[in-house]
Amino acid sequence: DFEKFKLDPIPQNFTYSMVPLDYEKLKSDQEYLFFLRSLKNQYFWYRERAVDVYPALVTNLIESVEDELAALENSGRN
């Protein structure tokens, strides 16, 4: 809900900072609090997924690159 925030531009990197218009009211806003809890959980799962899944993906990528390099090397010999 953007009507709860004022967007302040940060000129150095062309981003915006969201500044609450009524901080005290926002602290009890159930929708906002749910968003914060959900965001925290979402970041947790992204981090857990990275630890569990990405090493295998990187290993597969490395193997694919090595296979492709070997195939190119062998095709040059024929």
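Entry 1, contacts and overall make-up. I began with the contacts in the chain between residues at least 6 apart in sequence, and I noted that 12% of them join residues at least 24 apart. I keep in mind throughout that this is a predicted model. I then looked up the secondary structure, which comes to 2 helices and 2 strands, and I read the order of the elements from the N terminus on as β-β-α-α.

How many salt bridges does the count come to? I recorded 1 salt bridge, and I traced it to the side chains of Lys27 and Glu24, which meet at 3.1 Å, taken from N to O. I then looked at where the two residues sit, and because they are 3 residues apart in helix H1, which covers residues 23-27, Lys27 and Glu24 are separated by about one helical turn. I also looked up the accessibility of both partners: Lys27 is partly exposed, with a relative accessible area of 42%, and Glu24 counts as exposed at 52% relative accessibility.

I next searched the surface for gathered charge, and I found a patch of negative charge made up of Glu63, Glu66, Asp67 and Glu68. I followed up Asp67, which I place in helix H2, the helix of residues 30-77. Is Asp67 buried or exposed? I noted a relative accessible area of 53% for Asp67, and since exposed means over 50%, this residue counts as exposed.

Which residues form a nonpolar patch on the surface? I listed Leu61, Val65, Leu69 and Leu72, which together have about 390 Å² of accessible area.

Technical notes
Residues are numbered from 1 along each chain as its sequence is written. This is a predicted model: local features need pLDDT of at least 70, side-chain atom pairs count only at pLDDT 80 or more; totals for chains, interfaces and linings use all residues. Side-chain values use heavy atoms; hydrogens and water are left out. Patches are made of residues with over 30% relative accessible area and no salt bridge: like charges are joined within 9 Å, nonpolar side chains (Val, Leu, Ile, Met, Phe, Trp, Tyr) within 5 Å. Accessible areas come from the Shrake-Rupley method with a 1.4 Å probe; for residues, only the protein chains shown count as cover. A salt bridge is a side-chain nitrogen of Lys or Arg within 4 Å of a carboxyl oxygen of Asp or Glu. Lys and Arg count as positive and Asp and Glu as negative; His and the chain ends are not counted. The place of a charge is taken as NZ of Lys, CZ of Arg, CG of Asp or CD of Glu. Helices (H or I, at least four residues) and strands (E, at least two) are DSSP runs, numbered from the N terminus. Buried means under 20% relative accessible area, exposed over 50%, partly exposed in between (1.4 Å probe, protein chains only). Contact means heavy atoms within 4.5 Å.
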